[in-house]
Protein chains: 2
Amino acid sequence: MTPLWHNWRVVCLAGGVGGAKMASGLAQQVDPANLTIIANTGDDFTHCGLPICPDLDTLLYTLANVGNPETGWGRAGESWQAMSAVRELGGPTWFNLGDLDLGLHLTRAHWLAQGRTLTEVTAELCGRLGVRPRLLPMSNQPCPTIVETAEGHFPFQEWFVGQRWQPAVQHLHLPDTARATPQVIAALEAADLVIIAPSNPFLSIDPILNAYPIRALLADVPEVVLAVSPLIGGQAVKGPAAKLMAELGHTATAAGVANYYDELLDGFVCAREDAAEFASHDLPILATDILIPDLPSRARLAGEILAFAAQLAEG
Amino acid sequence: MTPLWHNWRVVCLAGGVGGAKMASGLAQQVDPANLTIIANTGDDFTHCGLPICPDLDTLLYTLANVGNPETGWGRAGESWQAMSAVRELGGPTWFNLGDLDLGLHLTRAHWLAQGRTLTEVTAELCGRLGVRPRLLPMSNQPCPTIVETAEGHFPFQEWFVGQRWQPAVQHLHLPDTARATPQVIAALEAADLVIIAPSNPFLSIDPILNAYPIRALLADVPEVVLAVSPLIGGQAVKGPAAKLMAELGHTATAAGVANYYDELLDGFVCAREDAAEFASHDLPILATDILIPDLPSRARLAGEILAFAAQLAEG
């Protein structure tokens, strides 16, 4: 029997490592012609002359199966000769640039300098690496997230990588002027299902929602919107999600994440052990195994989420 | 006996490979505190987001003894992982960027983006690589050489590397606005001896002379000015010097080079086999072995040139 979701147009809002895992699961279940991944570009920055797009690149490498499975970011089989010369010469070493990864940054810098948009460049890179779902940056303009801490304001990567996300966050500043691309708007307008990946709600998803008019489209368009918890048992699978929730005055639990997204959601996906948090909650819940380290577990979770969404759409 | 030139302040005007060979000879003979190398930056360009300074880098690597002795440019023990990724992704491959070399370009891009001048950045790189003579870019501003050919106008590297210097040159366009740095002007004003390296007169030396007021300083300041022929038996040791001389209407011989520099010179250094060309010439000549592939031969030639200059200064 063909499932209800078979011809659905599915959009996934994604940050880096958690977003890439979800995207790689969906890519195994959904016809690539019907799957769009919208990537956070709030982490992007220019470093040593090169435009770097950490979330786009993690998504690209993961979907192309050339990613480093140990780290979740960067490429498999990477070498570090360029960084060894940067170190020798006294250049900046706080942000690691692998040699293969540099090839991507050089190519993107070249194409952007020719006047191509980040959307066009990303499509070309996907084509070259055999990535068939559509991978879209949320915006073609720089939309830098600024992290305000007790130790001062940091550009995102200087806080995240340079400071190993340790300075406590008081506020996140997202640009007022961020605008989604026409491709992003069209994908959301046409979407039957939007899945918010198990990414950091503040650092990865809010910057996407902040790119006008994405938040409004999610609230208005009558598709099914689901989110997947980035927390299991109050702990982030990776990164500072739990730490940030506490610092920004939220409860660092799966239910805290669901409450944060609030009215955007038609349903929520959490770990089995966190299901009890939702006992008195109106929101439909899929409680399952959301730890998805490998391709089969990602495909399994994606399948369960699609079935859950179909059930919500039918009900 | 201490030679007359022992305390001389020596300046060398240098392009890439030929300039680096001469500079490496002088660095073995002259107290580094008294030796300044002024590098052509007319070849510089921005590629894939990175500012590239081919002549400065060849000089830097050669003087630091980390250069590739096979090619004369780039670093020994280089790897090419980044370029393999650029190729995989369909990026520009006409200009080769080694992984170690990229470390230098990244470091320079970072420091320039911090607002440091190319002179400051070059001094820092020299310090890091243990290069003790002073290496100065002719200018801190971009001074791009444009090559006019029958096939159109090319930025220098696109003609030199991209087209393998094949399209016949009709004219070289040097910027009207090129200005030497204060450090370059001070070095030339204080110089006892200026040596024009065996570099391409049109592509490497003219851009330096064109940076105001270098040509005037060389003509006016009463130091000894010598040039070393880049041609032996009418052939360039490397590169398009002979080809260009013919295309631009000069005789492609050592005497042709001397005539081109003309009144700037107090003496000229040529290959022994070319001495006869100067039989009816007023210019003092040092005819010797000017093929200098290794450190000892470079030291030998530098010593002979310094002795020749001392003889001219005494006479």
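**Entry 1**

I began with A:Cys270 and looked up its bridge partner in strand 14 of chain A, which is A:Ala287. This is a predicted model, where local features need pLDDT of at least 70, side-chain atom pairs count only at pLDDT 80 or more, and totals for chains, interfaces and linings use all residues. Residues are numbered from 1 along each chain as its sequence is written, while chains are lettered from A and ligands numbered from 1 in the order in which they are written.

I then checked the pairing of strand 13 (residues 267–271) of chain A with strand 14 of chain A: it runs in the parallel sense over four bridges. For my own reference, two strands pair if DSSP finds at least two bridges between them. Helices (H or I, at least four residues) and strands (E, at least two) are DSSP runs, numbered from the N terminus.

**Entry 2: the sheet of chain A**

I traced an open sheet of seven strands in chain A, with the order 5-2-1-9-10-13-14 and parallel pairing. Strand 5 and strand 14 (285–288) of chain A are the edge strands, each pairing on one side only. The twist averages 20° from one strand to the next; axes here are lines fitted to C-alpha atoms, for helices over the stretch in contact, and angles run from 0 to 180 degrees between N-to-C directions.

**Entry 3: chain A overall**

I noted twelve helices and 14 strands in chain A. Its radius of gyration is 19 Å, close to the 20 Å that the globule rule gives for 315 residues, so chain A is as compact as a globular protein of that length. The radius is taken over C-alpha atoms, and the rule is 2.2 Å times the number of residues to the power 0.38. Buried residues make up 51% of the 315. A residue is buried if 20 or more other C-beta atoms lie within 10 Å of its own, exposed if 12 or fewer, and partly exposed in between, with C-beta atoms placed from the backbone.

**Entry 4: helix 5 of chain A**

I tested the length of helix 5 (residues 118–129) of chain A: at 1.5 Å a residue its twelve residues should span 16 Å, and its end C-alpha atoms are 16 Å apart, which agrees. The expected span is 1.5 Å times one less than the number of residues. The buried residues of helix 5 of chain A are A:Leu118, A:Val121, A:Thr122, A:Leu125 and A:Cys126. Down the helix axis they fall within an arc of 140°, so they line one face of helix 5 of chain A; the arc is that of the directions from the axis to the C-beta atoms. An α-helix has 3.6 residues a turn, so residues three or four places apart point the same way.

The cover over these buried residues includes helix 2 (54–63), helix 4 (99–113) and strand 5 (134–137) of chain A, together with helix 3 (81–89) of chain B. Just after the helix, A:Gly130 takes a positive phi of about 75°.

**Entry 5: across to chain B**

I found 29 residues of chain A in contact with 29 residues of chain B, where contact puts the C-beta atoms, placed from the backbone, within 7 Å. Helix 4 of chain A gives the most to the side of chain A that touches chain B, with ten residues.

Leaving aside neighbours within four places in sequence, B:Gly90 is in contact with A:Glu124 and A:Arg128.

Definitions and conventions. Contact = placed C-beta atoms within 7 Å.
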